[in-house]
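Hi everyone, thanks for coming.

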Amino acid sequence: MTTINTQSPTPPKPDMHQLIARERRSWYLGTGQLLVLTLIILGAWWFADVLNARRLADGTGDIISLTAEAMPPDFSNWKDWIRPLFDSLAMSVAGTAIAVIGSVPIGLLAARNTSPHPTVYFAMRGVLNFLRSIPELIMGIIFVAAVGFGVLPGVLALGLHSIGMVGKFFAESIEHVDEAPVEAVTSTGASRLQVILHGVIPQVLPQMADVTIYRWEYNFRQSTVMGMVGAGGIGFELIGSLRIMQYQEVSAILLIILVMVTGVDLLSGVLRNKFK
Amino acid sequence: MLHLQNVSVTFPPDVRALDNVNLQFRQGQFTVLLGQSGAGKSTLLRCLNLLQSPTQGLVVGDDDQCLSGLNKHAPRLRQHRRHTAMVFQMHQLILRQSAVKNVLVGMLAGQLAYKSLMPNTKADLQWAMHCLERVDLLEKARTRCDQLSGGQRQRVGIARALAQRPRYLLADEPVASLDPGTANRVLSLIQKVCDQDQITAIVSLHQVELARAYAQRVIALADGQVIFDGPPNALSDEHLARIYKTNQQTVNASDDHPSIPKPPTTTPKEIEDEIQLAQSVQRYVGSTVLRPGHDQHRQCRQQNQS
């Protein structure tokens, strides 16, 4: 309890005019911010040529004719696509697993409250930023050059790039952990590692599961394009059909990918709900 | 024996939470810490467990081992913590986990970390279940703690403390967020298990009646200094007035003050709380003998509301 006020508590009377003035000022402030944002967006559009009406009009016709050429979708080669589809699926699962295995220790070292030393903390943050800043397609090209064509370079590229993002999220959720139970575990005489295992990890497990499943979904979508750089999967078939201008096949593959992505999306939604 | 020698704790920039405290705690006594919020009760308890290391002075544990100034995770310190179990006001359980999992946390000390990755041994589980049985929560062992009531959570917290096989049980306002009935049950439970196991209980409270009902020794703190240390029946009105930094005149004055509207007229919550607190303090100060029973219960409730 707080100290007892022996004086009569006189709550200061708020000045109504001042309150109204503040309320009005905050409206103008908000509108001003919105205006600035609009100007920034318009500037970006102008810079990127989005506002060039003639170029857009010229392109529209080509898009329509391309779409017409791609109709109807041609599924006659479907048997050749089963294997690459499984490749893509396996690539996403294997890559995500690598990401999680790498992210747990890196995440613990890159979280301020569990990192043993600030130097380690900054070094790990650097590693995470580095991994995140290399696009997975570039990583794919590097790994194709290193280990040859196939699913393996795709798995490595997705896994490594994912560590950058998954590790950062792990670290962030570890930093936001409720300190009270952690302190309680410390008070029992547990060692540093035990405090992490029993005080920190149980609290962040739901977030970890959430990020992992989301990342798996993302990696599946990415795995469909990894084939374009020769890293296996359905993307390999897609780029092949595109090169020989079989647009009807392209549209068929895109439809299949759409169905698969929707399926993975539904499944990940169900799984994430389970880990609440 | 636990011993604090000239212990002071200063929080930056310049808050003196404990000021030159000298105390000894012997095995088997039920001790209550009294004091206002901010008087240093929590800091004192946390010093005894070394969750808070003193800025100055020494904390001496069993076997005359000096514990202050050690590394945060030093083995000797962990050994000490194992024997001085803590019970917290907000229970500080991991709510997503079952009661028995939370109790098992109390047995981590002295185990190797790799054991955490193995399945729990039968003996460990038996001990954890036994501890839950002692707080009468065996049927809730596999229930997630976020589905337990406040009193049940606090009992899980006590079971976790018991799982440590402690010599000392430090309870930091264990009943502050509970209703009077539950508060009484939780305190009797602490008293019972400590009596059975010869555990020294050091409990901080802010209800004087509860302190009188349970304590064998009362230590009162104000502004980080010990202002009373003795049996509860030696606790006089003057002491209480000093603890709660008030006296009868000023309480009466504020009670009759015309500018404070009296409940139940609609007043801002803060003012109402202040009035209730003032009234309940007046009751402690005004009556020399506090009768146990329903009268105590009623006051207790009033105190809890404020």
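This is a predicted model: local features need pLDDT of at least 70, side-chain atom pairs count only at pLDDT 80 or more; totals for chains, interfaces and linings use all residues.

Let's begin with a bit of background. Two packed helices are described by the angle between their axes and by the distance between those axes.

The pair to find is in chain A: helix H5, residues 136–147, and helix H6, residues 151–175. Their axes come within 8 Å and cross at roughly 140°. Anything over 145 would count as roughly antiparallel, so at that angle H5(A) is oblique to H6(A). As for handedness, H5(A) goes past H6(A) in a right-handed crossing.

Which residues make the contact? On the H5(A) side you'll find A:Glu136, A:Met139, A:Gly140, A:Phe143, A:Val144 and A:Val147. H6(A) answers with A:Leu152, A:Pro153, A:Leu156, A:Ala157, A:Leu158, A:Leu160 and A:His161. Sort them by class and you get 10 nonpolar, two polar and one charged.

In the contact, H9(A) brings A:Ile234, A:Glu237, A:Leu238, A:Ser241 and A:Leu242. Those meet A:Tyr247, A:Glu249, A:Val250, A:Ile253, A:Leu254 and A:Ile257 of H10(A). The split by class is eight nonpolar, one polar and two charged.

How big is the largest pocket? Its volume is about 570 Å³. It's lined by 26 residues, and the closest to its centre are A:Glu179, A:Val182, A:Thr186, B:Lys72 and B:His73. The elements giving two or more residues to that lining are helix H7 (179–187) and helix H8 (192–226) of chain A, along with helix H2 (75–83) of chain B. By class, the lining of the largest pocket has 10 nonpolar, 10 polar and six charged residues.

The second largest pocket comes in at about 410 Å³. Of its 20 lining residues, A:Leu197, A:His198, B:Lys101, B:Ser116 and B:Asn120 are the closest to its centre. Which element gives the most to this lining? That's H8(A), with five residues. Helix H3 (99–104) of chain B and H8 of chain A each supply at least two. The lining of the second largest pocket divides into 11 nonpolar, six polar and three charged residues.

Terms used
Residues are numbered from 1 along each chain as its sequence is written. Chains are lettered from A and ligands numbered from 1 in the order in which they are written. Side-chain values use heavy atoms; hydrogens and water are left out. Axes are lines fitted to C-alpha atoms, for helices over the stretch in contact, and angles run from 0 to 180 degrees between N-to-C directions. Helices (H or I, at least four residues) and strands (E, at least two) are DSSP runs, numbered from the N terminus. Angles under 35 degrees count as roughly parallel, over 145 as roughly antiparallel, 65 to 115 as roughly perpendicular and the rest as oblique. A crossing is left-handed if the near helix is turned anticlockwise from the far one by less than a right angle, and right-handed if clockwise. Contact means heavy atoms within 4.5 Å. Ala, Val, Leu, Ile, Met, Phe, Trp, Tyr, Cys and Pro count as nonpolar, Asp, Glu, Lys and Arg as charged, and the others, Gly among them, as polar. On a 1 Å grid over the protein atoms alone, a cavity is a set of points where a 1.4 Å probe fits but cannot get out, and a pocket is an open set with protein on both sides within 12 Å along at least five of seven lines; lining residues have an atom within 4 Å of a point. Grid points are joined across faces, edges and corners, and a volume is the space filled by probe spheres set on the points.
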